[in-house]
Amino acid sequence: MSEQVYNEKNQDYYKLIRKIFKWIILSIAMAIPIGIVVGLYNMILKAANSYRKEHEYLVYFLPIAGLIITFMYLKTKRNAYSGENLLKSEVQSAAKDIPFYMTFVVFIGSLLTTICGGSAGKEGSAVAMGGTLGDFIARKFKLSDDEQRTLVICGVRSAFGVIYDVPFAGAILGMEVVLKGKFHYEALIPAFLTTVISNEVATLIGSTTISYPNLTLDTLNILLIMKLVMLGIVFGAIGFIFNFVLDNSSKVYNIFTKNPYVKAILGGCITIILFLIVGDNYNGLGQSFINDSFNNPVSIIDSIWKIIFTAVALGSVFQGGRGNPTFFVGAALGSWIAKFINIPLASSAALGMIGVFCSATSLPITAIAMSLEYFGGEEMVAIIIVMTVSYIISGFYDILTKRKIPEGKGKIFEGKVHKNK
């Protein structure tokens, strides 16, 4: 080996070492503020939801909350009411123009929605915060577009991991949701490091976790596999319906008015009317109802009402995300269907909770990771079966665009081999 080649290899090695240290420093710089900000956000949101449960009259302030949210987004000149949607559009183009103040805007919007009883999740605002912080740090360090995108993905992942206490799933989520399934492998190491550290930071400041029972089933056999496939079909179909209703709810508002302030008042007033008709079970995050569905059978009507409440809120101007509502709908559906297929109640609710999430979000790998973190790995084959079928079924949602299966999902039935030339 010549001396020149030897020196070049040494230089490449030193460059790699410097790059690793650089991303370790950036990961820590990202993880600490995200752990603090998203951890505090999670704690405040939980406290707000509990306070609302004890003071149901707060729902009557929902129209006012909607007006405040609308005012904030119009003042910031953002045409997307969802921080998550704003984040996706700007990250995919690697644009360095996600304003830092959006962190506070999405925080306030989600808090007002939750404390006044709007049916929404919490991950949409959380990932917007994480991504915005990532973009802010990238601009401060004057990083390249590719490095900026990596930091934003790390922010998205770690924020999701903190908000749901799923660091492994959070590390995977960014690649699936932001880059539409095209994995950004360069972000793997900083993403895992950022997610793990931010979760530890959130725990240190007092962000508590939610415990679920382990998923346990009988010995895997043909009958059980058939049941699991059927569950995957049902959960996939419900995820399809969930998306269809929510994606068209804003269009229903547009039939009556395109004025965002009027939409805010309408969304708040309709939620109040629904609350007076069926009660408080479907307002807010719905975590207590989710927990109860693991222990006591509930009705399929509960899933239907939750979809309606969520469509009314998110179709208007209210903030938060779709995560908790899909957990609610899926857990309730799984709890209801358990008695018909002779599967343990808690296990059926668990599969439903993540199965509908998988279908509605089209995030199968993230859903599998979440299942393992929440319910243990004893039934990994069952989890994979349900999530895979649910994901495939949800693909037929694109029939509305005159495609029976979206192009990307259609390829899962093809086995292409690239020949070496």
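Which residue forms a salt bridge with aspartate 135? Arginine 139 does, with the closest N and O atoms 2.8 Å apart (a salt bridge is a side-chain nitrogen of Lys or Arg within 4 Å of a carboxyl oxygen of Asp or Glu). The model is a predicted one, where local features need pLDDT of at least 70, side-chain atom pairs count only at pLDDT 80 or more, and totals for chains, interfaces and linings use all residues. Residues are numbered from 1 along each chain as its sequence is written, and side-chain values use heavy atoms, with hydrogens and water left out.

Now for the overall picture. The chain comes out as 17 helices and zero strands (DSSP runs numbered from the N terminus, H or I with at least four residues for helices, E with at least two for strands). Of its 421 residues, 53% count as buried (buried is under 20% relative accessible area, exposed over 50%, partly exposed in between, with a 1.4 Å probe and protein chains only). The accessible surface is about 19,300 Å², and carbon and sulfur atoms hold 64% of that (Shrake-Rupley method, 1.4 Å probe; for residues, only the protein chains shown count as cover). Among contacts with a separation of 6 or more, 80% come from residues 24 or more positions apart (contact means heavy atoms within 4.5 Å).

Back to the salt bridges, of which the structure holds four. Aspartate 135 and arginine 139 both sit in helix 5 (residues 123-140), four residues apart, or about one turn of the helix. Aspartate 135 is buried at 0% relative accessible area, while arginine 139, at 32%, counts as partly exposed. Another pair is aspartate 247 with arginine 322, at 2.7 Å from N to O. This pair links distant parts of the chain, with aspartate 247 in helix 9 and arginine 322 in the loop between helix 12 (300-314) and helix 13, 75 residues apart. Lysine 53 pairs with aspartate 280, the closest N and O atoms being 3.5 Å apart. Lysine 53 lies in helix 1 and aspartate 280 in the loop between helix 10 (260-278) and helix 11 (287-293), so this bridge ties together parts 227 residues apart in sequence. Lysine 53 is partly exposed at 32%, whereas aspartate 280 is buried at 10%.

Helix 9 (residues 222-256) also carries serine 249, which is buried at 8% relative accessibility. Leaving aside neighbours within four places in sequence, serine 249 touches Ala311 and Gly315. The C-alpha atoms of serine 249 and alanine 311 are 5.7 Å apart, although 62 residues separate the two in sequence.

Next, a helix pair. The axes of helix 14 (residues 345-361) and helix 16 (residues 380-394) come within 8 Å and cross at roughly 35° (axes are lines fitted to C-alpha atoms, for helices over the stretch in contact, and angles run from 0 to 180 degrees between N-to-C directions).

Helix 1 (residues 3-54) gives the most, with nine residues. Leucine 204, in helix 8 (residues 188-204), is exposed at 75% relative accessibility.
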